[in-house]
Every structure is written in structure tokens, then in C-alpha cells.
2 protein chains.
Amino acid sequence: MARNSQDTKLRILKAANRLFYSDGIRAVSVDAIAEKAGITKKTLYYHFKSKDDLVAEYLMSRDQPNLDAMRKWFDDVDGSVADKVYAIFDGVVRSSQHPKWRGCGFLRTAGELANMPGHPAIKAGAVHKKRFESWLADVFLEYKLKNSSSLARQVVLLLDGSFAVMMVKHDSAYIEEAGLAAKQLIEASL
Amino acid sequence: MARNSQDTKLRILKAANRLFYSDGIRAVSVDAIAEKAGITKKTLYYHFKSKDDLVAEYLMSRDQPNLDAMRKWFDDVDGSVADKVYAIFDGVVRSSQHPKWRGCGFLRTAGELANMPGHPAIKAGAVHKKRFESWLADVFLEYKLKNSSSLARQVVLLLDGSFAVMMVKHDSAYIEEAGLAAKQLIEASL
DNA sequence: AAAAGGAAACTCACTGATGAGTATACATAA
DNA sequence: TTATGTATACTCATCAGTGAGTTTCCTTTT
């Protein structure tokens, strides 16, 4: 067994990632994560001071990868800004086909911890959403759209709306509909 | 203590309502609900066959009241359809000021139970969202808007997007922004 | 170069609390 | 007296977190 701190910590985080995203926060025990990571619970507590701490680190570790995925979908499509933003929604549609897809981990975690407003995991979610919104606003500004920051918020609302609706009705047509609405709002701001 | 079945069942449901909505599903124990209702756990299990059953009934009991609130906000405002729909978002803004407000119970429950796709509580959420969407579509049809059903979906997406974003960033400006987007989309369909 | 020491990374086995659900019995209204 | 409704007191599983001790590896001393 690797006696390398970074390696072990990463394995724990990876196990936490899979289990928390798949089953939720309170549904997953620290024992289950330790077992999945192939270490004992005490070792887990050596690397993370509490379950709450682990939850927060789990979400922080998702910030950059999620952002990168969105940007890639945007960048990889040729066309107008509206088309490129629509490509983000299309990327989410494709992701949602995967059997392990469970929507947005940030939103689901924040919803589950709604009675703990100051929880670091919720802050991590706020940071992530903010970074995405800022990136969008910058993009819209580059493309010389009117009301770039309002528009960015509206696109965020539509995207998170897609995630929300998908939790209840597992029908990706809603994501497409949100993409169309986003496209329309962007085109009206040209 | 009232030995009236309906009365007791209602008290249990009321207690479940408050606790589930406030703290989430898995964070609330059956013991806590029984205590809040002023009965013993055994009595609770006499009226509900399991915790899952109670969760489902909790959400089903919220369907009509939530729908009524939305309709009232819509009806109580004079103006164009766009104005009346905006009033719904404005109603949510006002609700969100209340310290006990925790967003949409249907979405939060569905998110928490995302690993149990067939759970009756998620079905109850789907029914509720569907009824709201259908009502909106009917309203838009009455007002002779183009693409009434698409438009209804877009408004639903914006509203649920508001709930989602509010879970993470407690800033009601997002609800207003969603309301403005909804207004704009509706006006474009006149 | 070899031994000693100490810190870092780990395990085993446990605690006290709490979880969902139940066996049995008693009370009340029809 | 019988069905309905309620209570006391339990079961057994699982929870987050910990106490005490062990292994590995690197550094320092001789």
C-alpha cells in the first residue's frame, strides 16, 4: 500500500467524488468512502479534519474541471456567440445521456445543505457559479453584446434551470429548450 | 389527546412538512417528526407505512397550495401577460425574504434522492412541475401567444433556475433577472 | 557506514449516539 | 366485544469520530 501522502489523499478525494456525486452527501458514510479508497477511516481523518471538510474539498476539486468542460464546448464550435453558447447546452444534453449522470453536484449539495447556510461546500458552489458567470460576461463583452452581465446571469439561470428540471423530469428536451431560450436572448442583444 | 385519525395524520404531515422543508429529507429523523407532532413513533408508523411514504405524502400535500400561490400572484396583477408572469417571479422574491424560506421543496427533495430515480417523492415533484407548466401553457394559449408550450417550458426553466441559483447564492436579484428574461421572451411571442 | 530517533502515515478496535422499524400491550369508541 | 388508535420499550444496524499502538522513511549522530 502506497505510503505517499498526496497519493492517498487523492485516492480518498476520488472515492468521495464518486460516492457524493452519485448518492448525495448525507447518504454516503465516511466508512463507505474509506472502504472505496481502500484505507481505514482513521487514515481518512488523518487527511481531512471532518466529513464537512471532505465535502467542501470534493466540490472545490470539481470547480476547474467543470469550468474547463464548459469552455471546451464553447470553443470547439464555430459560429456566432449564440451558437457557441447553445453548444454548452448541447454538451450538457450529451453528458446527461450517461447513466451515471446526476445533474450538477454543486446544486445538489447546496440543496441538501440548505439548512447550513454558511457551510464551506455551499461557498465552494457560489465560487464556482460566480466564476462561470464572470467568464460568460467577459465573453459577451468581447463579442460586444449589450447588457453583457445581465445576459450572463440569464444564461446561468437557464443552465441551472436545466439542471433543476432534469432532477425531477429526466427529459433532455428541457435542456434544449433552455439552450434555445439562451440563444434567443443573446441574439436580441446583438 | 385527540383520538381522531384524520386529525392525528394531519398533525404528523404538518410536522413532516416543516422539518423536511427546513432541513432536508435524510437530515430529519422519524423520531424528530414524531416528537414535533406530539405523538410516538409507533403512531406515526400506524398512519404511514414508511419514511419514504411520508416523504411522498409531504410533497403531494404541497402540490395544490404551491400552485394556488403562483396563480394568485398572476391573477392579482393587472397588466399584460408578461407583467402577470413577472408578478410570479416577484412573488417568489417576496417569499424568499422570509427567514424560513429554503427554495423549492420539490427540487431539493429530488436532488437529495437523485440516486433513487423511481422514488414516489420524485414522481410527486414531476406531477407538480407538469401541472404548473400545463397551466402556464394554457394561459399563454388563451392570450394567443405563439409557441405557447415552448414558452411555458422556458418560463419553468427560468423559475426553477431561480430556485437553483438561490440555493447557492442567496441573492434575490437573480430571481428578478429571471423574471425580466421571462418577460422579454413572452413579449417576443406576442 | 551503521545505528538511533522522531515524525509522518497508517491500522485495529472501539465509543456513544442515533438511525429506521417493531413486538407487545393498553385504551377508547362503535 | 371488537376494531381502531396510541404508548412503552425495545431491536439491530449504522453513524461520525477517536484512543492507542504500529509501520515506514528520512535525518541526525556516532
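**DNA surfaces and chain contact in a predicted model**

Q: By class, how many nonpolar, polar and charged residues does the surface near DNA strand D have?
A: The model is predicted. Tyr counts as nonpolar and Lys as charged. By class, the surface near DNA strand D has seven nonpolar, six polar and eight charged residues.

Q: Which element gives the largest share of the surface near DNA strand D?
A: In all, 21 residues surround DNA strand D, and A:Ser29, A:Lys51, B:Ser5, B:Thr40 and B:Tyr46 are the closest. Two or more residues come from each of helix H2 (30-37) and H3 of chain A, and helix H1 (5-23) and H3 of chain B. The largest share is four residues, and its source is H3(B).

Q: Which element gives the most to the surface near DNA strand C?
A: Around DNA strand C there are 20 residues, and A:Ser5, A:Thr8, A:Lys42, A:Thr43 and B:Ser29 come nearest. Elements giving two or more are helix H1 (5-23) and helix H3 (41-47) of chain A, with helix H2 (30-37) and helix H3 (41-47) of chain B. With four residues, the one that gives the most is H3(A).

Q: How many residues does H8(A), which gives the most, supply to the side of chain A that touches chain B?
A: The contact takes 42 residues from chain A and 42 residues from chain B. On chain A, H1, helix H6 (105-112), helix H7 (120-142), helix H8 (148-168) and helix H9 (173-187) each supply at least two. By class, this side has 21 nonpolar, 11 polar and 10 charged residues. The number that H8(A) gives is 14 residues.

Note on methods. Residues are numbered from 1 along each chain as its sequence is written. Chains are lettered from A and ligands numbered from 1 in the order in which they are written. This is a predicted model: local features need pLDDT of at least 70, side-chain atom pairs count only at pLDDT 80 or more; totals for chains, interfaces and linings use all residues. A residue is near a molecule or strand if its C-beta atom, placed from the backbone, lies within 6 Å of it. Two residues are in contact if their C-beta atoms, placed from the backbone, lie within 7 Å.
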